[in-house]
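Hello,

Here is the structure I promised to pass on to you.

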Amino acid sequence: MLAWQDLFAPEIISGKYSGRKDANSPHPARLCENRAFTEVPMPASVCTHAAEHIKKVKPHTKGCEECLKMGDTWVHLRLCLECGHVGCCDSSKNRHARAHFHATDHPIIQSAERGEDWRWCYIDEVYL
Ligand SMILES: [Zn+2]
Ligand SMILES: [Zn+2]
Ligand SMILES: [Zn+2]
């Protein structure tokens, strides 16, 4: 069984999630007022990066690439869908998946945890 925490990205648990950016919606403010509960992430997203940034990749490593080099540990693994980099999640102290996004502008990661296949766009902060 998955714990409920496993169903949500650590980005959200740690409070970094700033709500959906409904850039394409003509009435983003009204949407927020009327439907506060839509702050809960929904599968439908406004991400426009998927077509350009999701490639057929294979994970480079079985663990976080940087943590393996440092001899460090991680909590969860995230796979970069643009280049196959494997990095550790935001619950990990090194946060290499996010660092990889900042270093490369590869915005989309997928959970590399067993039984999880959600994807996350760092730019839009939405699930895909
Ligand atoms: Zn996006
Ligand atoms: Zn790491
Ligand atoms: Zn990458």
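Predicted model: local features only at pLDDT ≥ 70, side-chain atom pairs only at ≥ 80, totals over all residues.

Residues are numbered from 1 along each chain as its sequence is written, and chains are lettered from A and ligands numbered from 1 in the order in which they are written.

Helices (H or I, at least four residues) and strands (E, at least two) are DSSP runs, numbered from the N terminus. Two strands pair if DSSP finds at least two bridges between them. Strand E3 (residues 108-111) runs antiparallel to E1 (residues 77-80), with 3 bridges joining them, and Cys80 sits opposite Ile109. E3 is also joined by 3 bridges to E4 (residues 119-121), again antiparallel; here Ile108 faces Cys121.

Now for Pro107, which lies in the loop between helix H5 (96-104) and E3. Is Pro107 buried or exposed? Pro107 counts as buried because it has 21 C-beta neighbours inside 10 Å; the cut-offs are 20 or more for buried, 12 or fewer for exposed, and partly exposed in between, with C-beta atoms placed from the backbone. Beyond its neighbours within four places in sequence, Pro107 is in contact (C-beta atoms, placed from the backbone, within 7 Å) with His49, His53, Phe101, Cys121, Tyr122 and Ile123.

In H5, the buried residues include His100 and Phe101. Just after H5, Asp105 has a positive phi of about 60 degrees.

Best wishes

Key: Contact = placed C-beta atoms within 7 Å.
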